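Welcome! Take a moment with the sequence and the model, and then let's go through a few questions together.

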Amino acid sequence: MRQRIGPRKISRRAFVRVGYLTGLGLSLADHLRLMGTEQLPASATADSVIFVHLAGGPSHLDTLDMKPEAPAEEKGEFQRIDSRIIGVPVCEHLPKLASMLDRFTLLRGISHSAGAHPQADEYLFTGNRPNPSVAFPSLGSVLAKERPVTDELPGFVSIPSSEMSPGFLGMAYSSYKTTAIPVAGKPFEVRGLSLADGFTIPRINRRERLLRDLDTRLRKAEANSSVLEGLDKFAEKANAMILSERARKAFDTHRESESISKLFAANDAGQSLLLAARLVEHGVRFVTVTLGAWDTHLDNFKNLKNQLLPQFDAGITALVQALHDKRLIERTLVIATGEFGRTPKINSNAGRDHWPRTMWTLAAGGGVRSGNLVGATDSKGHGPDDSTHLKPDDLAASIYHALGIDHRLEYITRSGRPAILVAEGKVIREMFA
Amino acid sequence: MAGSHLRVFRFALLFTSALSTATIATGDELHSMQRSFSQTANADLRSTVKPNFQRHIVPLFGRLGCNGRACHGSFQGQGGFRLSMFGFDFKEDHRSLLEAESARVSIEDPASSLILRKPTSSEDHEGGKRFAFDSWQYRVLKRWIETGAHEDSAQAGKLLRLEVLPNELLFTQAISSQQLQVIAHWDDGSREDVTCLSRFHSTDDGIVQVNDQGLVKSVGKGDAHVVVSYDAEVATIETLRPVSDVTLKDYPLVATPTEIDRLVAGKLRKLGIVPAEICNDDEFLRRASLDITGSLPVPDEVREFVFDQRADKRRLKIDELLNRPAFSVWWGTLFCDYTGLNAPLQLGNTDFAKPVGDQWTEWIERKLRDNVPYDKLVEGIVVATSRKPGQSYDDFAAEQSQFTRARNPVDFAAQDQMPHFWQRENIKDPEQKALAFAYSFLGVRLDCAQCHKHPFDRWTKRDFDQFAVCFERVRKGVSPESQFAYDEMVVELGVTRFTTAAERRGKYLRLAAEGKPAPWKEVFIGEPEKIKALDEIVPAKILGADEMNLCEDEDPRVKLMAWLRSKHNPYFSKAIVNRVWAQYFGRGIVNPPDDQNLGNPPSNSALLNYLSTGFIENQFDLKWLHRQIANSETYQRSCRTNSTNRLDERNFSRALVRRLPAEVVVDAILQSTAQSSKLPEFQTVMKNRRIGVQATADQRRTEFGLAVFGKPLRNTNCDCEREMLPSLLQSVYLRNDQDLLAALDRKDGWLSELASSFVGKLRTEDAGELIHQAYLRTLSRLPDEVELTRAMQYFEDCENRAEAMHDLMWVLINTQEFVTNH
């Protein structure tokens, strides 16, 4: 009822309707919207996003922003090697990425001040500094709403799960969590979609007929309930999804061709990224892959060297190669980022702590310029240099830009307050070709 | 039209509720800017009028949209020119207007002022043409410049009230539009027609529309409100257009045994809405059990209740439900929603998040179980401090661990106070405290006023700032007088800056479990000296009430509490009464239930007043409130609609179908699939019940089913964080999730219990009994003949009986009836 401010008049009632009708796919409201004034934008350079979240926050100083001239108590133990971008050396434990860096844009010196994981995650995922008054929707939820998919697949998937929350858009736009990670060489069954033993399609259909015959009482009583209307629509779609061979196929990495699957290592990171590529190929709009354990308060160097860097190195390069081989890279934006960098000073546990003053982000595909460096940090890597002013807001604005979504798009929140998608962000033009 | 609506009636003129009988009488004319400055007005008269910045100029900007969010009201301004959003920062707005070099206002050559040239499009204006050259708006602004363009808000006085005529609109087929008139009453006794300076909007465009001149048009049947804003005030008038012909004297006789029913029927009569019939006994039992205890009734209970012949069995059942442990556990969870308890996240600064969160939960549950008066309960939170007066830090640290020791702990929930609300990490600043306090205890959202004039309420940024100051002295952590003892204890425990957080927490929690002193954090009141300077600039003032001297008081929250429970408090009682009502009906009398503001009036103000006054008169007795609501026929109406109430959602003429809350759904699945011997435990053992589960740090850590059905993390000040709408993921969950299948197939489940008995051919009567059982367990009713036959046939068609039984339970859980309250 309190929507009459500003030019975009959406009544609360209308908003609520959009809220419950739309799911992970195309709803009545979306149909109407697409038929109306809001055309799918021609300006989009990407149709899909694979967002690789390096959860915990990778140490920028030991990876893609090394500072050999740093003082002893800050300088890590790794050496630098040259990469395919001239003048941008990287860590010796990222050899594959070094040899492929000319396919990426590397953003350095992205800076913010949220020093705890949940707040920093939310900032990165929404482009808005967390504030208790408005729960902003994350990138994937906005895409699920603004660019709905029409078939039996979800539009927004997280592997295995993610803190990307739908905010005020509501659970209808939350990610479809796989909750599990494929194991190389084995069929992958995803929560909610795979059929348990003993459940054949004929049995499901028979059961469905019984449901249809028995589930009539409320329908007869109440012809005008938005809740019942929503339950009806979602039940229908859920049934289609569960019966869909195509949906099951999309999730089953076991069916991937030999030439693609051999690119990916047989570990969690590799298999998650393989699944991401496969899902995008089948039409999923936004896939977020959470690769954890980057929160190296303890034994930063040992963990990076033995596990995190080799897996990331192999995984991210395999992903870009696979998307290339599948001819998807042109229209798929790949982002790899943590939620913050790590302290220059090495702590007493040979670890580094949270450091939101600077971090890096890798981007590739989907209209992003190749072999491109944007932003810089000061000589010690303590923060951005004087000419770099990059914030998570800008990163989010740029991702929306690639998708052809105006980052100044305005929504009315569930409490009736207008909210601009990314009010403080500017598109980072240098990122794009 | 412009002329006719300028007639002003003395308020003595009575409007009968039916407009058709209202005749337009000519009264004395009030001063109006539009009239004074119109083309036909007397020029001499005009020369005596001096527009006032607050009374005329800023409202005119508001009316023209200049200070709107998309224009100069935006925080970035527009074209280098910024006005305060929705007005009310007079000094700043005036400074902007008269900024040297800006040429916005030229006193030497008024006609060259940009504020006249731009909106008339004499000069490029991105906002387009707002008024015509030499129109009344033009003349008012010009006249203001000619008379010196002063910031004379100090002379404006205070707006006492806004009167809107007529004060109620009853539309019919024949009468479908009406011009409103708005009269401002100022504290100097003056009155002015400010229709031309007011802003108007409708609360439901599908029922009534209003244009920017205040002309109201009825476009649909039903009721809505028109909201009028001028200066800081907001007024609303109700509009009605009957849904059917059966109104007033033609209205059928509807029994109204309770005051609630009488007040609800009072409005339905005017609207021509006939309420739904009273629901059946099984429907009542299921609904009341879900609403009061967050639980399904068990099969035996349904059978007993339906066959019970006592006339007052519903009343007796309500009393019984209110005395079950599930009542205080479930409502405790809701109260923890309202107060924003999220221990892992919001108490994350303290090493004691877990015990503190548990204490909070148990304390609220206990107070509800003991039916402690609501004002007492809130007082226990609001005025709580951790250390008792005169208690040393060491004694405090020792005492706290007595509550948490594993063996024979002292009962925290029996304490009068629970200070942890103030320990919330996300309300560290006084501003955040003010927002959370208003949300939790007043059901008011002040967020708008934190930055600008509230567009739908009277609150200005100044009001907010003054209110926020009231919380300046409320602190958490370690008080200065405790600091030394605290530091000493930490050092003694061997904690240094090299200790990791996990080690430290482990150490502290061990101490707490052993009952040994541990470095507990406290809630305390800060010294007044530090805020003296602030108090002089922004004196503390309770929202819409008295200023208070922050420095004089021992604890400023005591006055806040006195204000809360005062019977004149406009929000406190209404907020809780309305929230409880909303739980029973799926919709508040004010809706959304946590959004009381002038622009969001109650759908039935007499009803809200009755309940909130009664609640106060009954010493804030929560169970009185529950009984009043649950025993009314209004609550016990069916969801089966008739032609008059089919579309009604706000006047409680029928039961609305509501999706079950997350915790209730998961519990209902577990209960309906439990083995027979475990069923009674659902009414007595609360340990594993999801209705008592507290929020986790994030959705990943939340049980999957609870997250899917929208259990709130309690991160934001909004009841809407608890999601009540259906979604695709929910449907997938109910159909094919591993947790759902695991619940059906579990070893100690009903299906496993039955499987062992499925040997040989199932006799027809046995199959019938199983189907009855399945219905009672899931839908809390017996199947009708058609349903029974169809289910029997399914058994016949299925070779595998265990499979048939599994499918039947699956089907019942997937019906709309199961996942909703109806």
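Q: How are helix 23 of chain B and helix 24 of chain B oriented to each other?
A: This is a predicted model, where local features need pLDDT of at least 70, side-chain atom pairs count only at pLDDT 80 or more, and totals for chains, interfaces and linings use all residues. Residues are numbered from 1 along each chain as its sequence is written, while chains are lettered from A and ligands numbered from 1 in the order in which they are written. The axes of helix 23 (residues 572-585) and helix 24 (residues 605-617) of chain B come within 9 Å and cross at roughly 110°. Angles of 65 to 115 degrees count as roughly perpendicular, so helix 23 of chain B and helix 24 of chain B are roughly perpendicular.

Q: Which residues of helix 23 of chain B meet helix 24 of chain B?
A: Contact here asks for C-beta atoms, placed from the backbone, within 7 Å. On the helix 24 side of chain B are L608(B), L611(B), S612(B), F615(B) and I616(B). From helix 23 of chain B come S573(B), K574(B), V577(B) and N578(B).

Q: What is the order of the four strands in the open sheet of chain B?
A: Two strands pair if DSSP finds at least two bridges between them. The edge strands, pairing on one side only, are strand 2 (168-170) and strand 6 (199-202) of chain B. The pairing is mixed, and the order in chain B is 2-10-9-6.

Q: Which residue in strand 9 of chain B is the bridge partner of H201(B)?
A: Strand 6 and strand 9 (residues 222-230) of chain B pair in the antiparallel sense over four bridges. The bridge partner of H201(B) in strand 9 of chain B is V227(B).

Terms used
Axes are lines fitted to C-alpha atoms, for helices over the stretch in contact, and angles run from 0 to 180 degrees between N-to-C directions. Helices (H or I, at least four residues) and strands (E, at least two) are DSSP runs, numbered from the N terminus. Angles under 35 degrees count as roughly parallel, over 145 as roughly antiparallel, 65 to 115 as roughly perpendicular and the rest as oblique. Two residues are in contact if their C-beta atoms, placed from the backbone, lie within 7 Å.
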